[in-house]
Amino acid sequence: METPNLTIATPELAAALPEVQRLVRFAKLEELLALGRANSLWPLTFGLACCAIEMMATGAARFDLARFGAEVFRPSPRQADVMIVAGTVNKKMAPVIKTLYDQMLEPKWVIALGNCAISGGPFVYPGQYAVVEGVDKLFPVDVYVPGCPPRPEALLEGILMLEEKITGKRRWPKVDPEQ
Amino acid sequence: MNHHSPTVAPAPSSGANVGQETFVLNLGPQHPATHGVLRLKLTMDGEYILRAEPVCGYVHRMHEKMGENRTWAQFLPNTSRIDYLSAMHYTHAYVAVVERAAQIQVPRRAEFVRVITSELNRISSHLLWLGTFLLDLGAFTPFLYAFQDREQILDLLERVAGARLTYCYYRFGGLCADVDAEFLSRTRDFVGYMRRRLDLYHKLVTENVIVRKRLVGIGVVDAEMCRRYGATGPVLRGAGVAYDVRRAEPYSVYPELDFKIPTYPEGDCMARYLVRMEEIEQSLRIVEQALDLIPEGPIQAQVPRALKPPPGDTCMAVEAARGRFMVRVVSDGSEVPYRIKLRTPSFANLSLFEEASRGLLLPDALALMGSLDLVIPDIDR
Amino acid sequence: MSARLESLVADFAARFGALPSSSEPGASAASGQVTVQMLDFSRRGLHWEAVLPAERVVDAGRWFAERGFALDTITGLDWLAEAQMEVVYDFFHPVHFWRAAVRTRVPRAQPELPTLSEVFPGAAWHERETHDFFGIRFVGHPNLTPLLLPEDAQFHPLRKDFTP
């Protein structure tokens with residue numbers, strides 16, 4: 001933190017300056033808001049298929065999404081920040097998903113969880129008639145979490161990457177798969 | 001068990017101005033209590049449902065058409081994704097129907113491993129049902145307990161199958177990988193652990209006064225309604241009919257194992273709940289016996305690389321966690337199936353919802369739907 | 001159980017048609033003949049199977065319902081090469097565990113069958129699904145709208161000549 005350019009009135013105040021610098025922080029409002037939003041992402045309950053089970057497992061006791069502030073799954077899109085699209089998006093379901101996305105208030109983010117949400121997954125074959133090949137055909141996606149289904153740890157990493165995207169810096173240790 | 005009959009409020013009267021007082025409420029397809037993407041068009045009179053019309057197809061993933069575009073072996077990953085909560089059973093049905101069509105003999109060790117892994121899968125499916133069902137009723141704590149126990153099973157199955165949810169562990173004629181002694185001993189430990197946890201669930205949930213008030217006498221589905229709609233599994237057993245495919249059309253090594261078929265005659269949500277809890281206990285019993293009886297030996301029969309079952313059609317049914325799952329395959333002698341028909345339990349179980357929910361309060365109808373244990377991709381395929 | 005099963009099958013055969021024959025079911029349906037056959041369960045997964053003309057299917061369904069059978073499923077099949085569509089009705093008995101199937105064929109150009117939903121309410125959904133996938137019309141069905149496909153779907157994907 002840079003030392004602010006202050007005119008110190010009395011010697012007592014000048015002596016208190018290091019203490020004050022330790023206790024008081026300055027930041028841009030956007031950064032504070034970003035920190036607040038990143039620490040309290042409220043997901044929309046949007047489980048479509050198999051990946052929904054791993055999303056539920058992430059919210060349960062072992063993997064504990066609550067550590068990152070994101071366990072408050074809201075059924076209403078008006079109250080949710082992030083839509084975790086967990087599962088296959090169908091042509092019949094596509095207008096519904098688009099409506100839900102439009103109903104969410106800004107700022108909003110989208111995590112595409114699982115291969116189906118990323119690109120149609122295992123259900124893409126020549127001549128397929130029912131699956132939308134990736135939810136990014138409907139609206140922009142912020143984080144893609146691959147897997148069929150991805151492990152809960154992968155979803156946690158996806159949430160952390162989203163937080164990195166929101167705040168601009170990675171605030172949690174990266175796990176080295178080699179270890 | 002002593003079930004008292006609760007006072008049920010009278011159904012709405014059909015008076016001259018009912019049509020002016022009703023409204024249509026749309027439940028889903030995005031809704032926390034529909035267990036997937038199911039839409040219910042409810043014609044309501046206040047809080048009473050006059051008519052509930054389920055609308056499906058929001059997660060139709062073309063499994064049957066994909067069966068005609070894949071070789072017999074390439075269809076195996078699809079089987080796990082039809083009903084992902086009891087993926088082992090569905091894979092079992094598919095490999096067994098192809099083994100029946102091509103007359104392939106499965107080694108005994110493989111059959112025992114199939115039974116052990118399938119029954120562990122049944123327990124994990126029932127635990128997930130327990131957690132989400134009670135979540136629908138408003139109880140959050142059992143969800144966490146159930147998922148914690150479920151993680152133990154997923155650890156066991158991940159050791160041998162490599163996946164947590166959509167296993168593709170069985171192959172035509174056996175398994176893709178053998179189990180080791182570590183798996184067998186950990187499974188044995190799990191059986192003891194789970195028995196103690198069942199006592200905990202009974203104390204926490206079954207004897208809870210709010211759960212009893214929400215479930216006893218609610219959503220009665222009798223045996224005749226089940227027969228007319230083809231409902232099977234805990235729905236049929238909760239109506240007093242002892243129909244279990246493991247006894248009706250015995251397969252694998254189930255004839256050598258001793259287990260009870262739990263039934264309760266009342267047909268209400270509590271009966272279906274109790275059937276599933278007892279099924280967890282019976283599955284633990286089956287796993288224990290299989291662990292004692294499992295022989296050494298090969299786990300895979302000799303099967304041609306590009307399998308071509310002889311022309312004709314064959315069917316095979318298994319008792320999946322939700323009920324009777326039947327596969328009918330039609331072969332034209334080539335590497336690619338001519339037709340794969342999947343008869344899924346949730347399809348028949350949901351089809352009775354329209355008739356069973358008439359006149360129910362909305363929360364009671366959701367309790368009924370939760371007790372049917374539906375997985376929507378199982379319906380839509 | 002097997003003695004009861006045989007008398008059951010004999011009763012069905014007496015009601016609906018021919019003596020047990022060993023000809024291929026497909027060939028008989030094409031020629032309009034009725035066959036009733038006991039099967040090897042370990043090879044086919046069924047105890048017995050019958051081929052009936054389309055107009056007798058509902059009577060057969062009633063015969064099964066009276067004896068306590070439940071409808072397992074309705075399967076459509078597209079025999080493009082023979083210009084026919086086949087519909088297979090599977091039945092199971094929840095108490096006696098018998099398994100039976102009734103097969104019937106209709107011309108592919110105009111696939112129509114009477115509905116079974118009066119006898120088995122569960123058939124309503126199976127018929128909607130078969131209509132979705134094959135375009136087979138079930139005459140008298142209360143609500144033959146798409147079940148698994150979008151509400152405005154005009155295509156029938158499981159037909160062998162389907163292109164999206």
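Which side chain does B:Arg109 meet in a salt bridge? The partner of B:Arg109 is B:Asp178, at 3.1 Å from N to O. A salt bridge here is a side-chain nitrogen of Lys or Arg within 4 Å of a carboxyl oxygen of Asp or Glu.

## The model

This is a predicted model, in which local features need pLDDT of at least 70, side-chain atom pairs count only at pLDDT 80 or more, and totals for chains, interfaces and linings use all residues. Residues are numbered from 1 along each chain as its sequence is written, chains are lettered from A and ligands numbered from 1 in the order in which they are written, and side-chain values use heavy atoms, without hydrogens and water.

Over all chains, the structure holds 63 salt bridges.

## B:Arg109 and B:Asp178

This pair links distant parts of chain B, 69 residues apart: B:Arg109 is in helix α5 (residues 108-137), and B:Asp178 is in the loop between β5 (174-175) and α7 (181-206). Helices (H or I, at least four residues) and strands (E, at least two) are DSSP runs, numbered from the N terminus.

B:Arg109 is buried, at 6% relative accessible area, while B:Asp178 is partly exposed, at 38%. Buried means under 20% relative accessible area, exposed over 50%, and partly exposed in between (1.4 Å probe, protein chains only).

## B:Arg188 and B:Asp292

The side chains of B:Arg188 and B:Asp292 also form a salt bridge, with 3.1 Å from N to O. B:Arg188 lies in helix α7 of chain B and B:Asp292 in helix α12 (residues 269-293) of chain B, so the bridge ties together parts 104 residues apart in sequence. B:Arg188 is partly exposed at 37%, and B:Asp292 is exposed at 56%.
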